[in-house]
Amino acid sequence: MVSSSSTFSDLGDNWAKPFIERLAQLGIISGFPDGRFRPEQSMTRAQFAAVLTKAFDLPRTRYAVNFSDVPATHWATAAIRKAYEMGFLSGYPGNRFAPDQKIPKVQILVSLVTGLGIRGDTPALSRYYADSKQIPGYATSRIAIATNNRIVVNHPDVEIFRPNDPATRAEVSALVYQALVYLGRADAISSPYIVTSPRSPGTIPLLPQVSVSHRRELRGVWIASVWNINWPSRRDLTTYRQKLQLTEILDVMQELNLNALFFQIRPEGDALYESELEPWSAWLTGTQGKPPDPYYDPLAFVIEECHKRNIELHAWLNPYRARTSAAVSTPVPPHMEAVYPQYVVTYGNLLWMDPGDKPVQERTYNVIMDVMRRYDVDGIHLDDYFYPYPIPGKPFPDYYPYSEYLDAGGTLSLNDWRRDNVNQMVKRLYTGIKAEKPYVKFGISPFGIYRPGQPPGIFGLDQYNQLFADPLKWMREGWVDYLAPQLYWRIDQTEQSYPKLLEWWVENRNNPKGRHIYTGNNLVKLGESGWTIAEFEEQIAMSRDLASRKSLGNIFYHVNPLLENRSGINDRFKRDIYTDPALVPTVPWIDSVPPPPPTNVRTSNRQLSWSVPSRDVRSWTLYQKLGDTWKLVNILPEATRQLTLPSGTYALCSVDRLANESKGIQVTV
């Protein structure tokens, strides 16, 4: 963060603007190089430590400790050390500080009250906050003290505390400013969101909360744009027809209770979305560089439509392919072939951006990060094409960049150098994505065989030495949130055995960080010899049987058999396989904090209505009590606020964008 201006371009009429601008004038907070403040972005524990050390300069109350997860090279090491010495922040068991963990609002206030040594009355929190029962026991006295001293600020509802919600930069600014007001170091600001008095009489009473859950599972499908395999079905479709095809696909997915779409937006160094870095794809309009007419942005459109249906959208990009086997359209700037042809090589009938060339590495990274920054994607997804699949007797022509590497003192062999090019890109992407949008998942769908003989009896292409991909390293290092190995063979294919390969991918020693495995299934084979519905049913069952070892879903290549209901596959899915809706699995290493439950829940004339408890709600889950069990009956989009229901007992939960689920508010209709 660089800008320390008191005026930021993205504040507008933001509720916290006065607090933010005053703190900026005091030099306590700053913005980003682009002039924005990003008020709704969550703050990490390390970032909060940095704010504390700028806001308060107190004597040391204890000696610092060296946290195991805060190396000397960490950007916030000094701030964390000082915040600890002043008594504001402590660590976790195991000598951890968790610097990148989002800090919840309750910890912000506990830190301020503790570090500043604030004392005073402790009024009953239930008088002030409708959700007071969500405040952890360890924090109640200090939250009461903060409340009594007008340090608490609640937006948008002053009576809803949201203690366990990750604090935003706007909220932290307001709370720190109010602490300065308490100390007499800042002038009071008039704001309707400062808690000053108990709740109004007649506030809706809280309903009982219940713990409910269901089996999580990613149920995905790939949509390929290259060669118009899936969408758009032709290169000459009108905008209306393109949109119609997409909504028809999504409607089928919703009907089948699928919950994740892997949507190809960069098949060959082009873009099926608006981009200043690469040209519009010829697979979209027939001519590279030509936008849709009438204009629309397919990626923005499909994201919005997916989220309406509670479907995740993972943007699928090919990192290095520049052109497939035939030219559909002449390349135009800023396509790599048009502006930097020296970095594009011919391999067989393909054109390939050389992964060893620095300009190619920069282009790939910048394109992917641009998508992540500008679009509300749930994930960034790469497939198995790093170096191209080998042509017998034809080496990949990367002599020049490798020679430059050796001339500069490099010592790796050609194969190791190629593999390192890919590894460094994977690591860089994961690090870059998590630095800016930690909640965006990053995953790769590698070839289904790691190396011949792993496990014993398996034969096939050696991706480690032929595609120069090392998914085992990515998984072990934690450079991905999930892998989707393409297990595109039948159960009875001995040399490429589906169950043996699946068992290998989920071995604990291969996946010590517990990353998710979503098996890729070759659904396009349905109807061919040996490829029956029963085959896929058994493959899915095998994946489910290994859920305890992080086999947590399936992705089908590709969507066309579902659009055709080929061999009655949709009927089987609905009746026997995906009978009920399901949320995708949670991702605890990114965020495990559930959102607060819905507020103002009430029933009248069989109509259930409620309010949004926080900004961090993506959807709602509705359970019905059947006997002694709770059954998930519906997943509702965030915009839903009321629902007509048959008589029964229900529980309504909030769900955030990473599928963390609150406790349920129990009601009887």
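In the predicted model, the crossing of helices H17 and H19 is right-handed. Helix H17 covers residues 533–545 and helix H19 residues 569–577; their axes come within 11 Å and cross at roughly 40°. On the H17 side, the contact is made by Ile533, Glu537, Ile540 and Arg544. These residues meet Ile569, Arg572, Phe573, Asp576 and Ile577 of H19. Sorted by class, the contact of H17 with H19 consists of five nonpolar and four charged residues, with no polar ones. An α-helix has 3.6 residues a turn, so residues three or four places apart point the same way.

The largest nonpolar core holds 100 residues. Those that touch the most other members are Leu261, Phe263, Leu299, Val371, Ile380, Phe442 and Trp474. With its neighbours within four places in sequence left aside, Val371 is in contact with Ile265, Tyr273, Leu299, Ala315, Leu317, Val377 and Ile380. Another core, of 66 residues, lies apart from the largest one and includes Val106, Val110, Tyr129 and Val172.

Helix H5 (residues 140–148) contains a run of buried residues, namely Ile143, Ala144, Ile145, Ala146 and Thr147. The buried residues of H5 pack against helix H4. After H5 comes Arg150, and the phi of Arg150 is positive, near 55°.

For Ala98, phi is near 55°. Ala98 belongs to the loop between helix H3 (77–85) and helix H4 (105–116). The relative accessible area of Ala98 is 8%, under the 20% limit, and Ala98 is therefore classed as buried. For Asn228, phi is about 55° and likewise positive. Asn228 is placed in the loop between strand E2 and helix H7. With a relative accessible area of 9%, Asn228 is also buried.

The loop that carries Asn228, between E2 and H7, also contains Pro232; here E2 spans 218–223 and H7 spans 239–255. The peptide bond joining Trp231 and Pro232 is cis, with omega about -15°. A further cis peptide bond links Pro333 to Pro334, with omega about 5°. Pro334 is located in the loop between strand E5 and helix H10 (336–339).

Strand E5 is part of an open sheet of three strands, ordered E5-E7-E6, with antiparallel pairing. The edges are formed by E5 (321–323) and E6 (344–347), each of which pairs on one side only. From one strand to the next, the twist averages 40°. Strand E7 (residues 350–353) and E6 run antiparallel and are joined by four bridges. One of the residue pairs between them is Tyr347 with Leu350, the latter in E7.

A second open sheet has three strands in the order E13-E14-E17, again with antiparallel pairing. Strands E13 (599–604) and E17 (642–644) stand at the edges; each has a single partner strand, so one side of each is left without a neighbour in the sheet. Neighbouring strands in this sheet are turned by 10° against each other on average, with direction ignored. E13 pairs with strand E14 (residues 607–611) in the antiparallel sense over four bridges. Arg602 has Ser609 in E14 as its bridge partner. In a regular strand the side chains alternate between the two faces of the sheet.

Strand E19 (residues 664–668) pairs with strand E1 (residues 209–210) in the antiparallel sense over two bridges. In this pairing, Gln209 is bridged to Ile665 of E19. E19 also pairs with strand E18 (residues 649–655), in the antiparallel sense and over four bridges. Tyr650 stands opposite Val667 in E19.

Notes
Residues numbered from 1 in each chain as written. Predicted model: local features only at pLDDT ≥ 70, side-chain atom pairs only at ≥ 80, totals over all residues. Heavy atoms only, no water. Axes fitted to C-alpha atoms, helices over the stretch in contact; angles between N-to-C directions. Left-handed = near helix turned anticlockwise from the far one by under 90°. Contact = heavy atoms within 4.5 Å. Nonpolar A, V, L, I, M, F, W, Y, C, P; charged D, E, K, R; others polar. Core = buried A, V, L, I, M, F, W, Y, C linked by side-chain atoms within 4.5 Å. Buried < 20%, exposed > 50% of the residue type's maximum accessible area, 1.4 Å probe, protein only. Pairing = 2+ DSSP bridges.
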